[in-house]
Structures are given as structure tokens and as C-alpha cells.
Amino acid sequence: MRANELRHKRTLRNHTQALSHSVVESRLDQSCADAAPIQRFGNLGVRERDDLLPESIVQKCRFRAHFCLETVLDRVIDNLKCHIYQRLFHRIRLKLILIRPEDRSLWFVSRLPVSFQMADNFNVRGTAVHELNRRSFLKVAGVATAETVIGAKMHILGATQSEPARPIAANDHIQIALIGAGGQGQGDTKTAVEVPGVKLVAVSDCYDGRLEHSKEIWGQDIFTSRDYREVLARNDIDAIIVGTPDHWHKQVSVDAMKAGKDVYCEKPMIHLYSDGPEMIETARSTKRILQIGSQRVSSIIYAKAKELLASGAIGQLNMVTARWDRNSSMGAWNYTVPLDASTETCDWTRFLGTAPQIPFNAERFFQWRKWKDYGSGVAGDLFVHLFSGTHFITNSHGPTRAMATGGLRFWKDGRDVPDVMLGLFDYRECFNLSLRVNFVDGGEESEGLIFTGSEGTMEIAGHSVSVNRVPREKEPGYTIDTFTAAMQKRILTEYKEKYPPSHFAGPPPVGYEKYVAPHEYSDSYDHFSNFFNAVRTRQPVVEDAVFGYRAAGAALLSNLSMERGTVVHWDPDAMKLT
């Protein structure tokens with residue numbers, strides 16, 4: 001069999017003159033990538049470049065999917081003369097049954113050689129899929145929508161548009177410092193220094209091991225200190241990243257702005273409601289840039305969702321359902337405690353700050369999210385992301401009423417925050433928000449939002465946003481079978497006069513659209529790019545202190561509701577509890 005495959009490959013090579021470097025590779029979207037049974041087809045031996053396909057095969061595989069995909073694939077397999085490609089399509093046909101019906105079209109097309117995908121007449125009725133890159137996402141999507149909503153043409157737009165980077169002038173270089181070099185802080189900084197013209201020069205943390213590791217990562221010449229005030233006193237620093245525990249966000253940010261530094265503060269912006277007004281006022285009075293780190297606000301996926309909702313893609317919004325579930329020890333904040341953790345290597349007093357003064361506890365130092373004294377629980381860690389995304393997409397300032405419930409269901413390790421939380425929120429824009437976090441969900445970690453409207457739903461999952469439209473009935477219908485025959489006849493006569501029969505004309509409408517960002521896309525990178533652009537231009541950021549406070553303030557309503565055991569009220573304009 002292997003010899004026959006090689007012989008067919010040699011035959012194909014003799015039919016072509018110009019070779020390209022496109023290969024049969026998977027471009028699975030995030031929702032399908034988690035399907036365990038699905039394997040790459042790299043072991044098939046089908047690694048042919050697209051131009052090796054004889055034109056006769058390409059022509060025979062241009063089709064319109066007027067039937068189900070299974071039937072279409074059967075017809076394609078019968079028409080393919082090259083048994084290598086027959087084998088490929090046959091394997092695709094077998095795997096297709098493992099994919100959710102709503103994802104089959106996208107998955108199917110992602111398995112095809114590019115020659116098949118880009119064929120002029122390759123359509124899948126009722127479905128439009130767009131794969132987009134960072135720069136072309138909004139431009140391409142805007143153009144494609146006008147065409148695909150009317151018809152049903154499949155678009156695969158996967159080529160990254162590389163644009164030459166603008167040289168960074170000497171005066172435009174930005175030197176940054178990291179304050180709080182834990183996992184989030186170091187992760188943020190690694191992304192930040194990928195942005196052209198950005199350099200790390202100083203790090204502050206309360207654990208010596210992280211200061212030493214920072215030098216291992218970014219060089220021995222960076223300045224390190226346990227005392228963040230020594231970092232702020234340096235004149236060679238333009239901006240700082242605040243990656244401290246929540247209870248230090250306000251003080252470090254305020255001190256940095258007063259020292260003339262711009263600030264990128266990790267979410268949630270606040271630990272207490274009193275933190276918000278002070279941070280907002282300090283940013284205003286010092287004229288410093290303050291960006292909050294809910295990176296989805298800078299995502300091209302969320303920008304497209306915002307555009308789709310505003311265009312009426314799902315009609316009038318009435319509900320948003322969002323979740324962020326986990327099922328691992330690390331996901332539940334049980335971070336590793338280093339073996340040398342002690343009062344010698346950890347500045348316990350500085351770490352505590354305004355928190356209650358207690359004896360050294362290594363778990364509280366390294367797993368601080370598990371305690372209210374230092375963190376904000378699942379509401380401040382994860383709900384806040386869902387609020388930020390919802391507010392960005394809907395242009396809302398926040399909810400007016402909130403109630404939450406939940407409890408400690410599994411991780412009973414001494415923590416005082418819940419591992420399961422559910423929240424319900426009323427919005428004056430006439431929709432409700434339902435949130436859920438479950439740290440023991442029985443599956444893999446998942447995050448997503450579903451926007452429900454009068455004419456369809458829009459879902460954000462992974463690196464994609466999809467719209468599923470189910471047209472509303474134009475007639476109200478009738479229930480007359482319990483009436484007399486004479487009454488039924490009269491009602492039917494009047495009904496048909498009021499709603500005469502109509503026949504659909506024109507191309508079929510698109511029932512399902514999906515926009516997919518490239519596999520390598522990073523919304524965190526875009527969020528930092530937005531921040532550093534604001535540092536250079538002094539233009540507003542996408543997530544300023546007011547936006548950050550409205551998101552964090554709404555999230556912390558959940559904690560307040562659980563503590564009080566009642567509904568709590570919030571004024572999203574004044575940003576005050578009522």
C-alpha cells in the first residue's frame with residue numbers, strides 16, 4: 001500500500017509545473033480542538049502540496065452542498081481518481097460523525113487542501129465561516145458580511161497580512177518596571193516586552209526567588225528590590241505593570257501615578273469599593289495613563305461581537321449567559337509553594353500591608369487568591385473578565401441589581417472564598433446577565449459567553465465568535481381543532497385573508513456565521529499594544545479607570561450579595577452602592 005501511494009505521488013508530480021508550499025494541514029477552531037477523538041491526518045502520507053492536484057480532480061471537487069455533508073463526501077470519494085485523496089476524504093467522512101452538527105461545516109472545510117477550500121464554487125448552504133488575522137479581521141469581516149448574509153458562500157481567510165513594522169524612534173522607546181512578579185506579573189511582562197520599543201529595567205517583589213528568577217529571564221542588569229518605592233524613585237522608568245495581590249492594587253497604582261509613571265494594573269482594579277474613586281481621581285489629577293488588565297476588551301473577537309450586536313445580527317438582546325469553569329488544582333489557585341519559603345526569603349510584613357497582621361503563612365503568601373484578606377475570590381478573578389467583555393460588547397455601564405449564591409463545595413483546604421458561584425444581574429438596557437464559575441466542573445477548563453436576542457444567538461468561545469439565526473415566524477399561527485367545524489372554517493378564511501401564502505425568493509439566508517481568529521492570535525499582546533500606544537500618544541486607553549471600576553464594582557456585588565444573603569443594588573453611572 002505504501003509503495004502504491006508513493007507511485008501515485010510521483011505520478012502527480014509529473015502533472016505539475018509550479019509547486020507551492022501549502023500542505024494539507026488542520027486549521028481547527030477552538031471549539032473543535034478539544035474533541036479528544038480527533039487526530040491530525042499527518043500520518044496518512046498525504047502531505048502533497050496543493051499544486052500537485054491535477055486540474056481534473058480540482059474541477060470534479062467543486063460542488064455545492066445541496067445535501068448533507070455525509071452525502072456530499074460520499075459523492076466526492078466516488079469521483080476522486082487518486083486513491084490517496086480518496087483515503088483522505090474517507091477518513092474525514094468517518095471522523096465527521098464525532099463533531100457536533102453545528103460545527104461540522106467549519107471542521108470539514110478546515111481538513112481540506114487549500115485548493116479545495118478556495119475553489120470558486122465551493123459553497124455550504126446556510127453557513128459562513130471567516131478565519132481572520134489581527135490586522136484584517138474587522139476589514140475582512142465587514143466586507144464578507146454583506147455577501148454572506150444574503151448568500152451562503154464559505155470564506156476561509158487565513159493568510160496573515162504581514163505589514164512592515166514602523167521603526168521605533170529613540171524618544172519613543174518605553175522602559176517599564178514590574179511590581180509583583182508572580183505568575184500573572186511575569187506572564188504580563190513577557191507579553192509586554194514583545195511589543196516593539198519596550199524594555200524591562202526593574203522588578204520588585206516580596207519573594208527573593210522571584211527577584212533572582214527575573215534576572216535569569218531578563219538579564220542580570222535589571223534593578224530588583226523588595227521595596228517597590230525604590231523602583232518608583234527611578235527616573236528611567238516610564239510605566240509600570242502592577243501584578244501584586246488585589247489588596248495592593250490601589251496603593252501601588254496611586255503611588256506610581258503620583259511618581260509620574262503610567263500604570264498597567266491587573267484586574268480586578270479594586271479590592272474594596274473605596275479603592276475605585278481614589279484611583280480614578282489620581283489618574284485624572286496626575287494626567288497619567290491607567291489601563292486595567294482585562295485583555296478581552298482589546299480582542300478582535302470581542303470587537304467583532306460588538307459590531308455584530310450593534311448591527312442587529314441577533315435582534316434585540318434580552319439575555320447574556322457566561323461561564324468560566326475549571327477542574328484542576330492549579331485552576332483552583334493551589335499554586336506551588338517553594339521549598340525555601342520563610343521569613344528570610346519572603347518579606348511577610350510588606351506582603352500583608354493593610355491586611356490583618358498574622359504570623360507567617362507560606363500558603364497565604366503564595367496562594368493568596370484563596371483568602372478574602374488579599375484577593376477577591378472567583379468574582380474578582382474571573383467574573384470581572386466576563387463583566388468586562390459584556391460591558392464592552394453591549395456598551396453598558398453595568399447592572400442595577402445583583403444577587404449571588406454558591407459555596408465551598410470541593411476545595412475545603414482552609415480557604416474562605418467559594419469554589420462555586422452563580423450570579424444574576426439586571427441591566428437597565430433590558431437584558432439579564434447570568435454568570436457561573438465552577439472550580440470542580442468535572443471536565444476541562446472552559447470559558448464562554450452567549451448573547452441571546454429576539455432573532456438569534458451569538459456565542460464567544462475560545463478564539464471565535466459565531467452567530468446562529470433562527471428566523472421568527474411571520475405568522476402567529478392558530479389553534480382551532482377544538483372548535484366546531486363551522487368556526488374552524490370561518491377562522492381559517494379570515495386568517496388566510498390576513499396572512500396570504502407567500503413563497504421564498506432569492507438566495508437562502510445564512511443561518512450560521514463564524515469568525516475565527518488565527519491560532520497564534522493574542523489579545524493580551526493587543527491589550528499591551530493599546531496601552532503602550534497611549535503612553536506614547538497620550539490618547540485614551542480602551543480600558544481606563546472608570547471602565548475598570550465599573551467592571552470590578554459589578555463583579556464584587558456577587559461577594560457582597562453572598563455575604564449579606566440578599567439582593568444588592570448598584571448605580572452604574574455614579575458607581576455607588578445604593
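**Notes on the predicted model**

1. An open sheet of six strands is ordered β6-β5-β4-β7-β8-β9, and its pairing is parallel; strands here are DSSP runs (E, at least two residues), as helices are (H or I, at least four), numbered from the N terminus, and two strands pair if DSSP finds at least two bridges between them. The edge strands, each pairing on one side only, are β6 (223–225) and β9 (290–292). Direction ignored, neighbouring strands of this sheet are turned by 20° against each other on average, with axes taken as lines fitted to C-alpha atoms, for helices over the stretch in contact, and angles running from 0 to 180 degrees between N-to-C directions.

2. As to the basis of these notes, this is a predicted model, in which local features need pLDDT of at least 70 and side-chain atom pairs count only at pLDDT 80 or more, while totals for chains, interfaces and linings use all residues. Residues are numbered from 1 along each chain as its sequence is written, and side-chain values use heavy atoms, with hydrogens and water left out.

3. Strand β8 (residues 262–265) runs parallel to β9 and is joined to it by three bridges; V263 has L290 as its bridge partner in β9. Helix α9 (residues 183–192) packs on the sheet, where it touches β4 (174–179), β5 (198–204), β7 (239–242) and β8, and its direction makes about 170° with that of β4; contact means heavy atoms within 4.5 Å. The buried residues of α9 are G185, Q186, D188, T189, T191 and A192, where buried means under 20% relative accessible area, exposed over 50%, and partly exposed in between (1.4 Å probe, protein chains only). Their cover includes α10 (208–218) and α19 (523–537).

4. The largest nonpolar core has 82 residues, of which I240, L290, F387, I393, F451, M458 and I460 touch the most other members. Its largest share, ten residues, comes from helix α20 (residues 545–564). Apart from this core lies another, of 23 residues, among them I176, L211, Y525 and V541; such a core is a set of buried Ala, Val, Leu, Ile, Met, Phe, Trp, Tyr and Cys residues joined through side-chain atoms within 4.5 Å.

5. Helix α20 is largely enclosed by the rest of the structure, because 16 of its 20 residues are buried. Its end C-alpha atoms are 27 Å apart, which agrees with the 28 Å that its 20 residues should span at 1.5 Å a residue, the expected span being 1.5 Å times one less than the number of residues. At the start of α20, a side-chain oxygen of D544 comes to within 3.2 Å of the backbone nitrogen of V546, and just after the helix G565 takes a positive phi of about 70°.

6. Strands β16 (residues 464–469) and β17 pair in the antiparallel sense over five bridges, with V516 in β17 as the bridge partner of S464.

7. Leaving aside neighbours within four places in sequence, D416 is in contact with K370, W371 and K372, and a polar atom of the D416 side chain lies 3.0 Å from the backbone nitrogen of K372.

Note on methods. A polar contact is a pair of N or O atoms within 3.5 Å; within protein, one must be able to donate a hydrogen and the other to accept it, and residues adjacent in sequence count only if both atoms are side-chain atoms.
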